Amino acid sequence: MRIIYFLLFLPFVLTAQNNTLDFSSALTVINSFDSTQKAKSVYPFDDMSRYDWNYLPPSLIQRRGVCLKDLDSTQKKNVYALLKSFLSDKGFSRTQDIMNNEYYLKELEPDMIHRIPENHFLAFFGTPGKDSIWGWKFSGHHIALNFTIVNNQLAFTPIFFGVYPAEIKSGQNKGRRIIKDEEDIGFELINMLTSGQKEKAVFQKNAFRDIVTTNAIQVGPLTPVGILAKELTSQQKNILNKLIVCHLSSMPTNIAEMRMKRIVSEDFNQLRFGWAGGLIKGVPHYYRIQGKTFLIEFDNTTHNANHIHIVWRDFDGDFGIDLLNEHYKKSKHHHK
């Protein structure tokens, strides 16, 4: 029965999404580049910069790759098509919204030198179509997407989104929230717990200033904190499930479904939900969901709790490490 209720919420955000991964869209982008752009954006797969990622503005932390603002309109369309083929509809629109938010920030803070619209970078590692192992990344302020393809299997993490302001407080866009469900459902879950459950779930009174893992290349399980899913009621488990699905909803449907099945096989009851900080909006707050193989972090702490960061990490699968290990093991066996 557990599997049935656990998969129950997949339609919540993942229906009407017939996205199939189209690797040819990556070749279209590369083939539209001139030699200078290719030199900037295409690297060998084993180039160590594949593991570098960040979510600060590129004017603070330089990225490798070709910059979106330096491309012509056709090339930009090709990049958007590439993003669309590797993200769900929700993931693609969120990515666009965060990118477009830079125009709003430039208006809001005209003297801030780091507000540069379209300052997002694209880099490839290996050659799609030709190589069985390749990858690509798209990175800029508040966006870090890392894709690794091993024999047509896709690894999707680390994946990071952020937004400031989390809620626009005035003007014509008043009330706009680019990242909404991950916060609202998190509050719904923590506030439906009994006082005894909250004592376990809330592991510290003050929220962290950022996600704990920041932009680490590799992460392992954090100290086990919070309440175990097996200590939740079935209704509370359903909300936790809904929250996890929400974090998966930027990924293509087939990837999201595969992840859900993996979480089910890990034993859902051993998941931990931990909270730090305030239990109401406007007070800095943070939560994490940790399983045997993955970690979700959410924080809304700075700028008077109006600045969100969210990340999904796979302990063995970030940058396709698990797929690559399996591939090399098979290759070694094959060549014996």
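1. Let me start with histidine 307. Setting aside residues up to four places away in sequence, histidine 307 touches His142, Val163, Tyr164, Ala166, Asp299, Asn300, Thr301 and Thr302. Please keep in mind throughout that this is a predicted model.

2. Where does histidine 307 sit? Its place is in the loop between α11 (302-305) and β13 (308-314). With a relative accessibility of 11%, histidine 307 counts as buried, because the cut-off for that label is under 20% relative accessible area.

3. The side chain of histidine 307 has two polar contacts worth a look on your screen. One is with the side chain of threonine 302, at 3.3 Å. Another is with the side chain of histidine 303, at 3.0 Å.

4. Histidine 303 deserves a point of its own. This residue lies in helix α11, and its phi is positive, about 50°, although it is not a glycine. Is histidine 303 buried or partly exposed? Its relative accessible area is 43%, so histidine 303 is partly exposed, whereas histidine 307, its polar partner, is buried.

5. Back to histidine 307 for a contact across the sequence. Tyrosine 164 is 143 residues away along the chain, yet the C-alpha atoms of histidine 307 and tyrosine 164 are separated by 4.6 Å. Tyr164 is also among the residues that histidine 307 touches.

6. A cis peptide bond joins tyrosine 164 to proline 165, with omega about -10°. Proline 165 is placed in the loop between β7 and α7 (181-191). Ala166 is another of the residues touched by histidine 307.

7. There is also a cis bond between threonine 157 and proline 158, where omega is about 0°. Proline 158 belongs to the loop between β6 (153-155) and β7 (159-163). I would view this peptide together with the one between tyrosine 164 and proline 165.

8. Now for glutamate 118, found in the loop between α6 (89-108) and β3 (121-125). Its phi is near 60°, a positive value in a residue other than glycine. Histidine 303 likewise has a positive phi without being a glycine.

9. Why does glutamate 118 count as buried? Its relative accessibility is 17%, and buried means under 20%. Which side chain makes a polar contact with the side chain of glutamate 118? The partner is lysine 76, at 2.8 Å.

10. Leaving out neighbours within four places in sequence, glutamate 118 is in contact with Cys67, Leu68, Lys69, Lys76, Tyr80 and Tyr103.

11. Finally, the whole chain. It holds 12 helices and 13 strands, and its C-alpha trace spans about 60 × 60 × 35 Å along the principal axes. The radius of gyration is 20 Å, which agrees with the value near 20 Å for a compact globule of 336 residues. Buried residues make up 56% of those 336.

12. Some last totals for the chain. Of the contacts between residues at least 6 apart in sequence, 69% join residues at least 24 apart. As for charge, the mean positions of the 40 positive and 34 negative charges are 3 Å apart.

Technical notes. Residues numbered from 1 in each chain as written. Predicted model: local features only at pLDDT ≥ 70, side-chain atom pairs only at ≥ 80, totals over all residues. Heavy atoms only, no water. Helix = DSSP H or I, 4+ residues; strand = E, 2+ residues; numbered from the N terminus. Rg over C-alpha atoms; globule rule 2.2 N^0.38 Å. Buried < 20%, exposed > 50% of the residue type's maximum accessible area, 1.4 Å probe, protein only. Contact = heavy atoms within 4.5 Å. Lys, Arg positive; Asp, Glu negative; His and termini not counted. Charge placed at Lys NZ, Arg CZ, Asp CG, Glu CD. Polar contact = N/O pair within 3.5 Å; in protein donor to acceptor, adjacent residues only side chain to side chain.
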